[in-house]
Amino acid sequence: MQQQTTTDGNPAQGGQAENEPDEMERDLAEDAVWKRIQQNTFTRWANEHLKTVNKTITNLETDLSDGLRLIALVEVLSGRRLPKHNARPNFRSQKLENVSVALKFLEVDEGIKIVNIDSTDIVDCKLKLILGLIWTLILHYSISLPMWEGEEGDSVFDKKGGPSPKQRLLGWIQSKLPDLPINNFNSDWNDGRAVAALVDALAPGLCPDWCDMKPENALQNAKEAMNLADNWLGIPQLVKPEEMVNPNVDDLSMMTYLSQYPKAELKPGAPLRPRTNPNRVRCYGPGIEPTGVNVGAPTMFTVETFSAGKGKVEVFIENPKGKLEPVEIKFNDDRSKTYTVTYTAKIEGLHKVKVLFAGKEVPKSPFNVMVEGHAGDPAKVTASGPGLEPTGVMVGKPTYFDIFTKDAGRGQVEVIILDPKGNRNTVPCRIRKTEDNVYRCEYVAQTTGMHSVNVFFAGQQIPKSPFGVKVTPVCDARKVKAVGRGLQKNGIRVKDIADFKIFTENAGNGVLDVKVIGPGGVQEKLDIRKVNEHTYECAYYPNKEGRYIVTISYGGQEIFKSPYEVNVGPYKESRIRVYGPGLYGGVVGYPARFTAETNGETGTLGFLVEGPSHADIKCYDNGDGSADVEYLPTAPGEYAVHILCNDEDIPKSPYMAQILPKTDYFPEKVEAYGPGLKPKGVIQGQPTEFTIDCRKAGGQAPLDVSVMDEDCKPVEIKVQDNKDGTFKASYRPTKNNKHTVQVNYGAVAIPKSPFRVHVGEPTDTNKVKIFGPGVEPGVKAQVPTHFNIDCRGAGTGNVQVKLTDEKGTLVPVQILDNEDGTYSVDYVAPTPGNY
């Protein structure tokens, strides 16, 4: 079905067909209130549709200029793909082309007539014309095109002289609100009552008290109604409550918002309630019981108004002398809409408790309460039982405690339990007398967290009240996690410390039981240390090779993956050394790197990574008996990194790496440079330094810098924060051999790390030896000769040779580096003399 909708590029009240004055002409000021409201409304309308394709508009004036968001919006509205366009428009011509594609599609394919607006207006960010284009889309797709319940297509679209879109929408609203005079889309909505009435008309009982709303509470009225519409009818607030009640709100914004109502559907679970009905108010509690209230003892009762609608709660307490006693009424702001009423009787005798709701008495009111005797002594009351213990109470499980009132005198026993948010009616409790002077309180906690159990006698707290009770989830062994090297199937060897951790968070209260059975069924020694409330560190010490079985139970049930089978291998020593951040951690999506050095040990080196995801492994042979290895984890969690020699784990393998989810920092953008990282030039015993630049790395992450010598022994390094995103690192090598510098950012190696630095000996020119015919007597003019320079043992340095005759003239020389610390120097003396 196609329908022609015309516009001259300017939003108009109800469209051109009505010949009404152009709304955009009534105030051309750039900051006009109505214009800002309209721009905000149209932006929200567009974003509601664009969110289905994960796009958004921040500034309606500029964000459509390249045509991409406009094309996306038209595709969503029409449900069709637009012709080919420029996905990355960098030039003005490409942007104009994109906008033209969208406008042509609207006119040719959708039958929407667009007048006095072309692609240059959109690309040049002309707000007035952009608003006109968006209004054209709203008018066509949200108001004119949809069929509404009770309408017939012929009457709406085909008859000439039929209702305009504005008349059609207004007529639909008037049919829903026959009791309200709604004649426009501006002033009739300013007090918030009309939108509240419309919400209740579509979902009877959702906003039943709209007729009691006062016009002077316009913003409160609009907020209440529009929030209900948003939450339960799925109607987004394209117009905000403060904009609706603004006298400057324009028709187009209101029509855009209200055009969502005809298609609204009520969601399940909506808080529907009848209009005010005092007969549905419930009252309960010791303060309205026929007996049990004592003189001087505060007492209380509850008034529940959940299904009674809206109304004011009033309580009047008349004593035997006909005088009114003071009373305190507190609204609990809970799901049941309850009020707590507290009063203290001052004399004995019959008291009348009258409860009114919305000016009318509630059922059973007035309540006759016989006040007898004076209050007893709450200091003599005690309470005990599992329901008062700091731990052990589980959510959804019944628990109890007993209250002992012997020798305490007269008084009512009351219990109030506050949940972690301080709500007092979410944990109902039942109190019953089990024997003389003994009362039992039973309750079931509905949420986890710290609860406050308040026990009252004669209106006052008893000793030790309130009691803090931490409610935990029901014990669930499936939520217990165990990780660590000591649970890996292969890799543990005799004399190793086989360690692992157990996490019980969210598993509820339960007893942890861990056993390790070694070869021959012998139970092994096991150390368990409780780190915090939910974390345990465990270790066992295998002294025989063979199969070990680790069982972990929680609350009498084995956890997931238990029992663990661990194959312990024989004791072994190895010269292979491994180091690098990828052995201990990393971040999803970044290569986790480490280095393996054989140190002359023969055998086939191999690597295996086991964890939550498949991890591709790459190995780079450095040609010096070492290899740089990296693997790419694609899911967070614990990974076992196996270092194998001839298919067997080397000692300490596997290494357990904790891979973190991807965060907001970028290790690949960290740079390191300076003499301390160059392959050559660093001298034994002399300080050197380098710079680490983290300014392009995004979010904050820990920086880890280390240096070690050829024997994998650490070298002291100092890292100074320059407070500008850069760091200065300095170290002084004590040995003249290969050193390795590692720079890790957020547990990930930065580019080019590890850096390999060959530290040279300090230079000692006294150890340089020079000999040969070219430095001895007998050299002849015009005859080639040479001499040798032996720098072995003299440390690192550059050899320079300068040869001059008696007049100081330079004589050319040729230096040959023998690449063993020695050099040969050739020259020809041009004339006789001293050189």
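Two strands are taken to pair if DSSP finds at least two bridges between them. On that basis, this predicted model contains an open sheet of four strands, ordered S39-S40-S44-S43, with antiparallel pairing.

**Four-stranded sheet**
- The edges of the sheet are strand S39 (671-673) and strand S43 (717-721), each of which pairs on one side only.
- From one strand to the next, the twist averages 20°.
- Three bridges join S39 to strand S40 (residues 688-693) in the antiparallel sense.
- Tyr673 is positioned opposite Thr691 in S40.

**Packing of helices H5 and H11**
- Helix H5 (residues 127-144) packs against helix H11 (residues 251-258) at an angle of about 30°, and their axes are 10 Å apart.
- The crossing of H5 past H11 is left-handed.
- From H5, the residues Trp135, Ile138 and Ile143 meet Leu252, Met255 and Thr256 of H11.
- This contact comprises five nonpolar residues, one polar residue and no charged residues.

- The protein is divided into domain 1 (26-146 + 163-263), domain 2 (283-373), domain 3 (378-471), domain 4 (477-568), domain 5 (584-758) and domain 6 (765-829).
- The centres of domain 1 and domain 2, taken over C-alpha atoms, are separated by 51 Å.
- Residues 472-568 are 0% helix and 51% strand, with the end C-alpha atoms 38 Å apart.
- Residues 760-835 are 0% helix and 29% strand, and 33 Å separate the end C-alpha atoms.

Terms used. Residues are numbered from 1 along each chain as its sequence is written. This is a predicted model: local features need pLDDT of at least 70, side-chain atom pairs count only at pLDDT 80 or more; totals for chains, interfaces and linings use all residues. Side-chain values use heavy atoms; hydrogens and water are left out. Axes are lines fitted to C-alpha atoms, for helices over the stretch in contact, and angles run from 0 to 180 degrees between N-to-C directions. Helices (H or I, at least four residues) and strands (E, at least two) are DSSP runs, numbered from the N terminus. A crossing is left-handed if the near helix is turned anticlockwise from the far one by less than a right angle, and right-handed if clockwise. Contact means heavy atoms within 4.5 Å. Ala, Val, Leu, Ile, Met, Phe, Trp, Tyr, Cys and Pro count as nonpolar, Asp, Glu, Lys and Arg as charged, and the others, Gly among them, as polar. Domain bounds come from an automatic or database domain assignment.
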